[in-house]
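The points are numbered and can be checked one by one against the structure shown below.

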Amino acid sequence: MAETTPKKKGLGSVVVNAERCKGCAFCVEFCPARCLEISEQYNAKGYHPPVLAAPEKCTGCNMCGLLCPDFAIYGFMFKKKKK
Amino acid sequence: MTEESMDVDVSMPTNTVEEYLRMERMPHIWCPGCGIGTTVNCFVHGLEASGLDLKKVAVVSGIGCTGRVAGYLKLDSFHTTHGRAIPFATGLKLANPELKVVVYSGDGDLVAIGGNHFIHAARRNVDMTVILINNFIYGMTGGQVAPTTPVGATASTAPYGNFEEAFNLPYLAESCGAVYVARWTAYHVRHAAKAIKDALLKKGFSFVEILAPCPTLYSRRNKLGDGLDQMKFYAAASEIQNDADTKTVGLSFQGKIVVGKFVDKDKPTYLDAMNTFYVQKFGDRYAPYKG
Amino acid sequence: MKADPKGVMTGAFFIDGDHACAEGAIAAGCRFVAGYPITPSTEVVERIAERFPLIGGLFIQMEDEIASSIAIQGAAWAGKKAMTVTSGPGFSLMMEHIGLAAMTETPCVFVDVQRAGPSTGLPTLPAQGDMMQARWGSHGDYGIIAVCPNSPQESFDLTIKAFNLSEQYRVPVLVMLDECVGHMTERVVIPPADQIEITPRRSWEGPPEGFLLYKPDKDGVPPMVKAGDGYNVHVTGLTHDERGYPVMTAAVQEKLVHRLVNKIRLNAEAIVEFKEDQVDGAEVMVVSYGITSRVAIPAIEQARQEGLKVGHFRLITAWPFPKRRIRELSAKVRAFVVPEINYGQMVHEVERSLGRTVPVVPVSHGGGSVHNPKDIYGAIVNSLKG
C-alpha cells in the first residue's frame with residue numbers, strides 16, 4: 001500500500017491505496033482544491049493512481065474519498081494536538 | 001498556517017468507509033469508472049450521519065451490478081432474487097418493525113421485473129428506504145435495454161436504438177405514494193449522502209434515485225466516453241430544482257438532468273395505518289402490533 | 001416446546017381442511033402470513049386475516065404469489081414462523097422462491113391446495129397433479145419435504161408437522177392439500193396448547209465473532225440467527241461458502257449442493273411418515289395419498305371381502321419418498337396399485353423403489369373429481385391377472 005506522507009502544510013491530506021485504484025480519475029477531476037494529479041507510476045494492474053501533487057492546497061475535505069468508487073483514496077483534516 | 005503546524009497531529013486516521021465494508025471481499029467486481037462504488041460512499045456517509053443503530057439496519061438487494069452492494073456492506077444484508085428485494089424487505093420490516101430496512105438495487109431490477117412490487121410498496125407506504133442506482137442499462141448481463149434507457153440510446157437488445165419511452169422514476173414514485181422522492185447523480189456526492197440520510201430518517205416509503213455511469217456498456221455502446229466523461233456530463237447537465245413537479249423531470253438521451261428533493265411529505269406508514277384501524281375496530285381487545 | 005396458548009383454539013369443531021390448515025399454522029406458532037387469493041386455497045388466508053389481528057400475527061395480502069413467497073422469507077429472517085398459501089398456478093409462480101428458500105436454508109411453509117391443471121384448469125375441482133412439481137419444481141438440485149393430509153384433522157396436524165420439520169431442517173416444507181380435503185367439512189379436534197409439541201427455531205446463541213451462518217451441525221443443518229441481533233449476516237441465493245459469501249467455483253458448488261440434498265436424503269428415515277393397513281402378507285399393495293387414500297378404502301374393503309389380501313400403504317410424507325419401506329414391503333407383493341388424481345406421478349417413485357420387477361398399476365385420470373372406487377377396485381382385481 002503506497003501512502004502519501006502527509007506534509008505539515010495544508011489543512012489536511014490524503015491517503016491513497018494505490019493497488020486498489022482503477023484509474024477512473026474522479027478524484028483528480030473533482031477535487032475542489034485541484035491538488036491531485038494522475039501519477040506517472042502505475043500499480044500492479046496497470047492503472048495510474050492519483051498523487052497529492054499540491055499538498056499545501058489540500059483542505060482534507062474528503063471529496064476524493066466520497067467520489068472514489070474503489071475506496072482507494074480518502075482525505076482527512078489535520079487535528080490540533082491536545083496540549 | 002505554518003505557526004499552527006507545529007501543534008498539528010498528523011497521524012493518519014483510517015478510512016471510516018472501510019468500517020462499513022466487508023473488507024475481506026475486496027476488491028469488488030465493479031468496473032473502472034463505474035459509479036456504484038461512489039454511491040456506496042454516499043450511503044455510508046448518510047448512514048453515519050443518521051445516527052441509526054447499525055445493528056438494526058438491514059440492506060436488501062436484488063440481482064445486477066447494484067445488487068452486489070448488499071454483499072459488500074457489513075450489515076445484515078440479503079441478496080435476493082431478481083426484482084424481489086422489495087417484497088422481501090416488506091416481510092423483514094413487517095415481521096420486525098424495529099429494523100431499518102434499506103433496499104439498494106438497480107433500475108432494471110427495481111422497476112422492470114420488480115415494477116409491480118415497487119408500486120405496491122409505495123402505495124402501502126411501507127416504512128423502507130429504496131435507493132435505486134440508475135445507469136440506464138442492464139449492466140451485469142452485458143448491456144441490455146432497460147425501462148430507463150432513454151429514447152435513442154442503443155443497447156444490446158435494442159441494437160438499432162431504443163424507441164420505447166423511458167420511466168420518469170421520481171414521477172412514478174410520487175404517483176404511487178412515496179413520501180420522500182429525490183434524485184441526484186454520482187457526481188453530487190454530498191447531496192446524495194444528505195438525501196440518503198434524510199430518506200433513512202423519514203418514516204414511510206422513501207425513494208432516492210442516483211444516476212451513475214456504466215462506462216463498460218451504456219457509455220461505450222453510446223460513444224459517451226468513459227466514467228469520468230459521464231460524471232463531467234452529470235456536472236454540466238444537472239440543474240438543481242428542489243420541489244420540482246416530478247411530471248417535468250423525465251430524462252432524455254444526454255439531455256438536461258433535473259436533480260433535487262422533489263417530495264417530502266408525511267403520511268401514516270403501513271403499520272401505523274393498520275394499528276390505527278384495528279384500535280378503532282377492536283378497542284382494548286387489540287394490542288398494537290409491534291412485531 | 002409447547003404451543004403458545006394464545007393462538008390455540010382448543011376444542012372440537014366442524015370445519016373444512018382450509019380452515020383447519022389455518023388453525024394448524026396458528027397452533028404451530030406461525031405469526032406471519034403473506035398470501036394471494038387463489039381458489040381453492042383462499043379460505044386459508046381469509047381465516048388467517050380474521051384470526052391474526054387479535055393474536056399478534058401479521059397477515060398481508062401481497063400483490064402476487066411471487067411477492068408472497070419471498071415476503072415470508074424476509075419475515076423468517078426477522079425471526080418469525082411464516083407461511084404462504086396457494087394453488088397450482090400460484091405454486092408455479094412460487095417455484096423460484098422455493099429454490100431460494102432451499103438455497104438459503106430459510107424455514108418457511110408453502111401450502112398448495114391442488115386443483116386440476118395444467119394452467120388455469122378447473123379452479124374449483126380437485127387434483128393431485130403438483131406432486132412431482134413439489135419435488136422438482138425449482139431449478140437445480142436441493143432436498144425438500146412435502147406432507148399430504150387426507151382430512152381436515154390431518155390438515156391441522158400436518159401443518160403443525162410441516163412447521164416443525166421446517167425448523168428442524170432449515171428447509172421449506174410443502175403442505176400438499178387438494179381441493180377435496182380443503183373444502184371438505186369434518187370434525188377437527190384441536191387439543192390444549194400444552195399437548196401440542198412445536199419445534200422452536202434452531203438458533204445460534206453464541207457471540208457473533210467466529211459465527212458461520214452456513215456451518216452445519218452433525219445432522220447437516222446449520223443453526224440460524226436473525227437480522228437485528230448484530231450478527232451482520234449475509235444471505236444470498238448465489239452459491240456460497242460457510243460464511244454465506246458468494247464463491248463462484250465448482251468446488252464450493254459441490255460442497256454446498258451435496259449438503260443441501262443430503263440434508264434431507266440422509267435424514268429421510270427420521271422424516272418419513274406413512275400409515276400401513278394389513279400390509280403383512282399382502283398380495284396387492286395399494287399406495288395412495290391425500291383424498292384418494294379415502295376413496296380407495298371402499299375399493300380395498302370390497303376386494304378383501306372377496307378374499308384378496310390387499311394392503312394399503314398411505315403416504316403422509318410424499319417427499320422424501322419412503323423408498324426403503326416400499327422396497328421392504330415388495331418382497332411378497334404380487335402387484336402394486338397406485339391411484340392418483342393425475343396421469344401418474346408418485347407411481348414413478350413406487351416403480352423406482354422396487355427391487356425387482358413387480359407390476360405397478362397406475363389408476364390415473366385427469367382430475368376434476370375424485371376416483372370412482374370401482375376403478376380402483378377394478379385395478380386391484382386386474383393387477384393379479386398378469
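**Notes on chain C**

1. In this predicted model, strand β12 (residues 284-288) of chain C pairs with strand β13 (residues 310-315) of chain C in the parallel sense, over five bridges. Within this pair, V287(C) stands opposite F313(C) in β13(C).

2. Both strands belong to an open sheet of five strands in chain C, with the order β11-β13-β12-β15-β16 and mixed pairing. β11 (274-277) and β16 (360-364) of chain C stand at the edges; each has a single partner strand, so one side of each is left without a neighbour in the sheet. On average, and with direction ignored, neighbouring strands of this sheet are turned by 20° against each other.

3. Chain C as a whole is divided into domain 1 (1-271) and domain 2 (275-383). The C-alpha centres of these two domains of chain C lie 28 Å apart.

4. Where the domains of chain C meet, 26 residues of domain 1 are in contact with 22 residues of domain 2. Several elements of chain C each supply at least two residues of the domain 1 side, among them β6 (122-126), β8 (172-178) and α9 (250-265). α6(C) gives the most to the side of domain 1 of chain C that touches domain 2 of chain C, with four residues. The residues of that side divide into 20 nonpolar, three polar and three charged.

Terms used: Residues numbered from 1 in each chain as written. Chains lettered and ligands numbered in written order. Predicted model: local features only at pLDDT ≥ 70, side-chain atom pairs only at ≥ 80, totals over all residues. Domains from an automatic or database assignment. Contact = placed C-beta atoms within 7 Å. Nonpolar A, V, L, I, M, F, W, Y, C, P; charged D, E, K, R; others polar. Pairing = 2+ DSSP bridges. Axes fitted to C-alpha atoms, helices over the stretch in contact; angles between N-to-C directions.
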